[in-house]
Amino acid sequence: MENLKDKLSILFDKYFEDFKKANEYIYNNPELGHQEFKACEALTNLLKKHNFETSDNYVGIPTAFIGKYKSGNGGAKVAILAEYDALPGIGHGCGHNIFGVTSVAAGILLKEIMGDVVGEVLVIGTPAEETCGAKVDMAKAGIFNDIDIAMAVHPTGEAHTRSGKSQAMEAIQFTFKGKTAHAAGSPHEGINALDGVLMLFNSINALRQQTLETARIHGIISNGGKAANIIPDLAVANFYVRAQTLSYLKELVERVKNCARGAALATGTTLEMQNYETSFANLVTNKKLSETYEKNLILQGVTKIVDKEGFGSTDMGDVSHCCPTIHPSFPLTTNHLTGHSIEFACATIQPEAYKGMKEAAIAMALTAMDIFTNPQLLQEIKEEFKNSSK
């Protein structure tokens, strides 16, 4: 592995200008979820340049893609997942430009060192992580069921972080309907839909004491009426409900919905409930696979690898319920960064960012080689996946 590490470092430097150009292009052309046509083209062109067989419109998703490279017959299948969607208003404030390029770089480096080693490399482009999460639909379509391992490494600040946990999440919209009336002249003739929303918030606030400390319930009023002198006949609240397991999420969501039902009953309003974004499963990190990736960071001289909190949600969680999965992070800088910020976006194209990118890409390539060449390791990883609690 020491010789492979040195070879990968030379290869990364050889192709560095291609990687840098793609990263800056996607940064300068931010696209929201399911609109990432420029990013998709840039990444697939990079894979084609290095003799990957590519297809866009993957699983019927216009901005999804897959790049394939197969060596020999049989062997393990390793998937490296790429994200490349931006955020409204702040562009790549989550760093998905460098995320996508790092994944593609890892696939290219891996292909270059495989030689006669038998196995298949899949680089899968997964759009819209920030909203409806294409990985959820991909998981439902079964594309991860015959994959041996899946990896993706997200940018962050300060230091490399281990793959940890993320929350299962459900996004629910509550629509209360009532009846308009003059708020001063004849309020008794109206039914106040906003009262339903306000009572929902108060009921959820009362519920929090009886929830697990790791759970999260947070929401906004997206429609609270049109004018102060009109009893609103329509009010809407959007909530995220998060929990560490799918089973507890299901229980908690029902309790939140009961809060809404009670609010509607108390205020005489009618209630509609629906999911307004895709729900995500919790991330279940495969510890054996994570240890292998961490070993390959240390091989490169990385000395600081830290744990991270797992209170957010990602569609990578759905992948982890289908096959052994890791989702660690690499640093753009040694300074602290706040996610979903202009500062985070700017950090992705600074010279310092490419050090972490290189380390992550090489670690993924070395981890895949461990999988291809060590059947016992892969068996242990799969056994852990089989016995892990989802």
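A residue counts as buried at under 20% relative accessible area, as exposed at over 50%, and as partly exposed in between (1.4 Å probe, protein chains only). The structure is a predicted model, in which local features need pLDDT of at least 70 and side-chain atom pairs count only at pLDDT 80 or more, while totals for chains, interfaces and linings use all residues. Residues are numbered from 1 along each chain as its sequence is written, and side-chain values use heavy atoms, with hydrogens and water left out.

The model contains 16 salt bridges, a salt bridge being a side-chain nitrogen of Lys or Arg within 4 Å of a carboxyl oxygen of Asp or Glu. Arg 162 and Asp 307 form one of them, at 3.3 Å from N to O. Arg 162 lies in the loop between strands S7 (160-161) and S8 (165-166), and Asp 307 in the loop between strand S14 (305-306) and helix H8 (316-320), so this pair ties together parts 145 residues apart in sequence. Helices (H or I, at least four residues) and strands (E, at least two) are DSSP runs, numbered from the N terminus. Arg 162 is partly exposed, at 26%, and Asp 307 is exposed, at 62%.

In the salt bridge between Lys 20 and Glu 24, the closest N and O atoms are 3.4 Å apart. These two residues are four positions apart in helix H1 (residues 2-28), which means that about one helical turn separates them. A further salt bridge joins Lys 111 to Glu 112 at 3.1 Å; Lys 111 is buried, with 13% relative accessibility, whereas Glu 112 is partly exposed, with 25%. Glu 83, Lys 135 and Asp 315 are linked in a network of salt bridges.

Pockets were located on a 1 Å grid over the protein atoms alone, a pocket being an open set of points with protein on both sides within 12 Å along at least five of seven lines; lining residues have an atom within 4 Å of a point. Grid points are joined across faces, edges and corners, and a volume is the space filled by probe spheres set on the points. The largest pocket has a volume of about 1000 Å³. Its lining comprises 37 residues, with Cys 94, His 154, Gly 312, Ser 313 and His 340 nearest the centre. Domain 1 (1-166 + 281-387) and domain 2 (168-275) both contribute to this lining, so the largest pocket lies between them; the domain bounds come from an automatic or database domain assignment.

Note on methods
On a 1 Å grid over the protein atoms alone, a cavity is a set of points where a 1.4 Å probe fits but cannot get out, and a pocket is an open set with protein on both sides within 12 Å along at least five of seven lines; lining residues have an atom within 4 Å of a point.
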